[in-house]
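Here is a short report on one predicted model. Please look over the sequence and the fold before reading on.

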Amino acid sequence: VSEKSYAEARAEFQRVLDDAPGNAEISFAVGLLALQASDLDAAETNLQRSLAAGYKDKDLAHFYLGQIAEDRKQFKQAAEWFSRVGPGEHQFNAQIRYAGVLAKQDRLDEASRHLQQVQPQNIAQRAMLIQAEAQLLREAKRHQQAFEVLGKGLEKIPNHPELLYDHAMAAEKLNLLDVVEQDLRLLIQLKPDNAHAYNALGYTFAERGIRLEEARQLTEKAMSLDPGNPLIMDSLGWTHFRLGAHG
């Protein structure tokens with residue numbers, strides 16, 4: 001496993017499991033490796049066996065069983081598994097996943113309310129909840145609501161880098177270019193090595209055919225910070241194309 005040779009690791013664990021079929025730890029390990037290999041049937045079988053054999057971290061097993069059900073688009077079953085994850089290190093992520101499967105059942109308003117009632121333990125978790133709600137709204141094409149959720153989030157957590165970026169992207173969907181620029185300029189000021197901020201602002205200009213020389217400078221700066229990033233390479237290429245078209 002430490003060498004990331006998961007197929008070989010799974011085969012070795014399976015040999016041990018054949019010799020000790022009631023071993024909860026080995027059943028869990030085989031189930032997890034099967035999940036990494038996208039063998040959902042084997043993953044579910046072995047995770048269920050680990051629970052039946054008294055696996056100590058039941059919450060983690062429930063979380064992965066929820067993930068399996070979600071991958072199968074069995075959203076009601078996934079929600080049931082995620083809801084069974086109790087207090088502890090896995091519950092926060094389970095609550096976000098639970099809201100996600102609610103949204104996939106066309107229960108978006110319920111999903112938003114669920115995220116709003118989750119109690120974060122720190123600022124990072126608070127920001128993640130805001131981002132999760134906004135993401136569900138974006139996926140439903142509710143761009144105005146996503147923009148408002150992120151704006152309220154920034155009122156609670158001013159100058160939070162991830163929220164600033166997402167707020168800028170939500171503003172871009174609404175063609176609020178002044179907000180896009182304001183957010184991304186502030187993000188660049190706070191995080192001068194954030195390649196995505198430079199790239200997003202440059203691409204926003206290039207896409208609209210405005211301030212193209214500035215767009216080139218921004219995307220080239222992004223490329224210097226994150227060489228080889230395919231998204232930035234695409235933006236830079238598009239910017240040069242637009243400059244040529246306007247030249």
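Gln 95 has 14% relative accessibility, so Gln 95 counts as buried (under 20% relative accessible area; exposed is over 50%, partly exposed in between; 1.4 Å probe, protein chains only). Gln 95 sits in helix H6, residues 91-103. Helices are DSSP runs of H or I, at least four residues, numbered from the N terminus.

Beyond neighbours within four places in sequence, Gln 95 is in contact (heavy atoms within 4.5 Å) with His 114, Leu 115, Gln 117 and Val 118.

## Helices H11 and H12

The axes of H11 (residues 177-190) and H12 (residues 195-208) come within 9 Å and cross at roughly 155°. The two helices are therefore roughly antiparallel (angles over 145 degrees).

Residues of H11 in this contact include Leu 177, Val 180 and Glu 181. Those of H12 include Tyr 198, Phe 205 and Arg 208. The contact residues divide into 10 nonpolar, 1 polar and 3 charged.

## Tyr 6

Tyr 6 lies in helix H1, residues 6-19. At 31% relative accessibility, Tyr 6 is partly exposed.

## Basis

Residues are numbered from 1 along each chain as its sequence is written. In this predicted model local features need pLDDT of at least 70, side-chain atom pairs count only at pLDDT 80 or more, and totals for chains, interfaces and linings use all residues, while side-chain values use heavy atoms, with hydrogens and water left out.

Definitions and conventions: Axes fitted to C-alpha atoms, helices over the stretch in contact; angles between N-to-C directions. Parallel < 35°, antiparallel > 145°, perpendicular 65-115°, else oblique. Nonpolar A, V, L, I, M, F, W, Y, C, P; charged D, E, K, R; others polar.
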